[in-house]
Structure formats: structure tokens, C-alpha cells
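Biologist: I am new to this model. Please take one residue, look closely at its surroundings, and then follow the chain it belongs to out to its partners.

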Amino acid sequence: MSGFITVMGLIMVIVLTVLLLALLASLVRVVRGPTRADRLLSVQMMSTVGTGILLLMAHYGQQPALIDAALIIALLAAVINAALVQLLRAPRHD
Amino acid sequence: MTADGFFDALLAMLIVSLACGALYSRSLYRAVVFFIALGLSLALVWARLSAPDLALAEAAIGAGLTGVLLLSALKHQAAEPLRPMRPSFQLLMAVLTGVTFLLVLTTVWSMPAGMAQVGQLALNSVNDSGVEHPITAVLLNFRAWDTLLELLVVVLALLGVRQLKLPNDRLPVAWPLLLAWSKLLAPLSLLLGVYLLWRGADAPGGAFQAGALIGSGLLMLKLVGLAPTTPWSHWGIRLLVLLGSFTFLLVAMATDVFGAGWLTYPPGWNKALILLIEVAATASIALSLAMLAGSDHRELNQ
Amino acid sequence: MTEVWGLISGPVAHAVAYGFLLIGAFFFISGTLGVLRFPDIYTRLHAITKADTLGLGFIVLGLCLISGSARTSLLMIGVWVLVMASGATACQLLARYEQDDTDRERRDDR
Amino acid sequence: MTDVQLFVGLGLLLWLLGLHAVMTHRHTIHRLIAINVSGSGVFLVMVSLASRGEGVDPVMQALVVTGLVVAVCATAFALRLGSARQQSHDEAESPS
């Protein structure tokens, strides 16, 4: 049984590592761009990956409150996208 | 190297590269995006350091509000060229900060393990505070003075912004998709905020996280032009901004005059009083943060 | 009923759950590759908002099976639905922003 | 090196990187970002020191929650100050 549990732990670590590497990879998009939307796309990606990591950590570290944090991050990534579109859009020439 | 250590090292690497990106990008927009991403990742660090309260607060404040603030500041900036300082000066500063880093690092690493006495004291007396969650107990009972002053800082910041001559600009008309989306998102943030406030008594959450969350929902409505105007000249708005500090001060004075002393809640009443203060503080924080970030000339300077 | 519950919380279900986690990781890898390799913003948006959301869905599914508690599972499914909705909307918003930006003069990205 | 030491080191690094950037940048928004980064470094040091012992020190964490809210208020005020300055600068430059 103990062997079974360590396999599970290993899978958990593998998945967490994959997600963290995805987070690091999204930085490439911020650096290389080339457009503004591209750079903000990486924020969207980080929020999706970050929610995944938080959910896994909530299970792994027995901290159910992290699920709430994941919920908030998902919500506020959407707010940031909306803010970009509203604030940095070229104003209409009327 | 253990699995946990590997995870920590990756996380630390991520944070350092994000910070370097935020600090040393040539383009201002890139720096802002890096900074938003840094806020998101710091939430992961707080989660790792078993501080879920902070993860919640950072997710709401560091990732959401600060991002909107910086993006709206970016809008007003002219395309000012970034003039770096002389290389010799930069090098000097790098050497100075490097030496400081080594000195402080050796000091902090040699600090003894174990919790400070006051932390232990707080943990031991949570049961007398009226709430089960130790951090809420510290914020609203043991160190309520700090929290009261903090609410005043929020009000002060808003008053400070009122003194400035703000640019009077109009946002473009929002796309229908954005309107529909924010009509969905704003009630959701209110719901989630109330949920966090309610959970704050016995689990991570509380007035600040809830206030920041509701504030960002309100801010989003302001950005797309759906929110009713909140002019400072209206007495209701002023009352709502000051509600948190007033309630707190009233409770403090009442306990001082009729009870055992300044902010020493009478036994049996503490849960109700804490809840009262928290609800008032949440409303004030939400409105103040939304106005700090999103109100313009018409609303703040009459 | 007890038999069903035993099957859900038993070792078989756990094995399936960890399989779901691995599938989720696979989708995250493919989404990341898409973001790194695809040629323009529209295809990259596609990679992020489809592959990564699907990956998160599998991870949520796996964690739901492992946790076996209704409240946690509901919250996690809520997170997934929210990410799905925000992904879809963000995709549209960013793509339109990009188009709006290109339609006008090509602004440099300071 | 334990995890606490790693995160304390990381916090100090953030603090000093931010400090360095505050001193070497001229643009308002850049400087504000730098101040916020170094603030996050300070929070990081405090929280990792709080998780040294057996349990988690609630006083430190409560202080950091307070600090986050104060930081965002100060940043908002400073950014508004910056854009107000920019505006008066523009008005002084324009001939009208």
C-alpha cells in the first residue's frame, strides 16, 4: 500500500512541476510580445495555471481556503482583461 | 533534493525573474504586465508558506486592484522616454545593495527558530476573542487599534486624492460583450465577497479581502459605465466611506466609557461587535478602493 | 448505494483520479507549446483558452474524485466554470482589442 | 538550506532589487512598481519568519494583511499624484 501512496505523491509532484514550468514558459510571451494583447494573454494563462496550482496545493497541503483563493484569481483575471480593453483602447474620434 | 525543495526552488526562480522583468523592462507596459504576474505568483508563495489569508488578500489586491490601477495610470502617461541614470551610479548602487543583502541575510539566517512570544500568546487566547480564526482575532480584537488606524489610512488616501486636480477623461463606450460580462461578474464578486466575510469568523477570509473583492467588482462597473455615479458631494457616499471608521470609533468609545477600557470588548458581546465592525469596514473599504482607483474629476472635486 | 460509494472512494477510483491529473498535465503541456510556437495572437488565444481550460477541467475532475467531499467538489467545479467563462470572454475581448488596434494606425508597443 | 531560509533570502533579494530600482529609475510608474516590489519583499521576509516555528504566527500574518491594504492605498494615491503632475505639466507646455 505504501508503494501505491508514493506513486500518487510522485504523480502529484509531476503535475505540480508541469504547471510551474508552464507558468515560467508564459513569461516568454510577456518578453517577446509582440503585441499588447499577447502580453496580457500571458496573464490569462498565468491565472488559469495558477488556479490549477492552488487547487492542487489545497489538496496537497490540506488548506481548503486555497480553493477560495483560486476562485478569486479566476474572477480577477477577468477584471484585468476588461480593464485593459476599456482603459487602453484607442478613444473614438467623434 | 526533495520534491518540496524542488518546487520551492522553481517558485523562487519564477518570482525572481518576474521581479527582474517588472523592474528592468524598457517598456512601461511590459513592466506593468510583469508586475501583475508577480502579484499572481506571490499568491502561490503565500499558499506555499501556509498563509491562506494572505493568498486571498494578494489575489484580490495584488493581482486585481493594483493591476487596474497601474493600467489606468499608464493611460495618462505621455510616451516619456525612459532616461536611465549613469552606469557608474547604477554600479555604485548595485554594490551598496549587494553588501546590504549579505549583511542582513547573515543576520536573519542566524535568528533563532520558534515563534515570537506575542504570536504564541495570540494563538493561546483565540478562544476568548469571540471568533475562531486567529488572524481575524488579531485584526479585530487583540490589535484592533492597528486596524482602526488602517481604516483611517484608507480614508486619508481618498481625501488626499480629492485635493489633486484630476484629469477629466471619458472612457470609450463599452462593447456589448463587455457590458454583459460585467453584469455577470459584478454580482458574482459581491456574492464571493459576502461569502469571504462570513467565512472570516472561523476560516481564512475577512473584511479586507471581502472589501477588496467587492471594490474591484464596483470598479469594473465604473469602467464600463454601468455603475451609478458616486459623487463625493452626496452625503450618503461620504457616510458610507466613513462608516467603517465611525463604527469602529463608536465601539471603541463605548467600551471605554461603559466597559473595561478602549477596545476591550465585554465578554459575550465580542462576536456581535466584531461582526458589526467587519460589515461596516467591508462596505467602507469596498467603496473607498473603487473610488480611489476609478473616480474622476466629476465625482471627487465637485 | 454503499457499493457505489465504495467504488467511488476505493483504490480503483483513486487510480482513475490520478490518471485524470496526468491527462490534465498533458493538456497544459500542449497549451504551453501552443503559446510558445503558434505564429499569431489569434491562434495563441485559441491554445490558451481551449487547451489550458480543458487541462484544468481534468485536474478538477481528478481532485473531486480524490477528495470525495461534496462541498469541496462543488467549489472546485465552480472554479472551473468560472475559468471557462472568463477564458472564453477574455479570448473574445483580447482578439477584438487586437483587431481594433490594428485597424487604426499600428501603434508601437512601448 | 531549509525552505524558510530560501524564502527569507528571496524576500531580501526582492527588497534590495526594488530598492536598487527605485534609486536608478526616473519614471514615476517605474519607481512605484519598484517600491511595491520591495514592499512585497518585506512581506515575504515577515511571513517566512512567521512560519518558522511549530504553528504559524498569526500576529505577523495579520500585520501583512494590513500592510497589503495600506500599500495599495498608498500606491493609488501616488499614481493619482503622478498623473495630476503630468496633467499640469502638459497644460503648462501647451500654448493655449
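Modeller: Two residues are in contact when they have heavy atoms within 4.5 Å of each other. Residues are numbered from 1 along each chain as its sequence is written, while chains are lettered from A and ligands numbered from 1 in the order in which they are written. The model is predicted, with local features needing pLDDT of at least 70, side-chain atom pairs counting only at pLDDT 80 or more, and totals for chains, interfaces and linings using all residues; side-chain values use heavy atoms, and hydrogens and water are left out.

The residue is Val131(B), found in the loop between helix H5 (117-124) and helix H6 (134-142) of chain B. Helices here are DSSP runs of H or I with at least four residues, strands are runs of E with at least two, and both are numbered from the N terminus. Val131(B) counts as buried because its relative accessibility is 5%; buried means under 20% relative accessible area, exposed over 50%, and partly exposed in between (1.4 Å probe, protein chains only). Apart from neighbours within four places in sequence, Val131(B) touches Val126(B), Thr136(B), Ala137(B), Ala201(B) and Ile274(B). The C-alpha atom of Val131(B) is 6.3 Å from that of Asp202(B), although the two are 71 residues apart along the chain.

Chain B also holds a salt bridge, that is, a side-chain nitrogen of Lys or Arg within 4 Å of a carboxyl oxygen of Asp or Glu. It joins the side chains of Arg48(B) and Asp8(B), with an N to O distance of 2.6 Å. Arg48(B) lies in helix H2 (residues 28-48) and Asp8(B) in helix H1 (residues 3-24) of chain B, so the pair ties together parts 40 residues apart in sequence. Arg48(B) counts as buried because its relative accessibility is 18%, and Asp8(B) counts as buried because its value is 2%.

Another salt bridge leads from chain B to chain A, between the side chains of Asp68(A) and Arg199(B) (3.1 Å, N to O). This pair runs from helix H3 (residues 65-88) of chain A to helix H8 (residues 176-199) of chain B, and Asp68(A) and Arg199(B) are both buried. Over all chains, a search of the whole structure finds 3 salt bridges.

Arg26(D), His27(D) and Arg80(D) supply 10% of the area that chain D buries against chain B, more than any other three residues. Across this interface the rule finds 0 salt bridges.

Chain D has no contact with chain A, their closest C-alpha atoms being 13 Å apart. Chain D has no contact with chain C either, and the closest C-alpha atoms of that pair lie 13 Å apart.

Definitions and conventions:
Buried area = accessible area lost by both parts, 1.4 Å probe.
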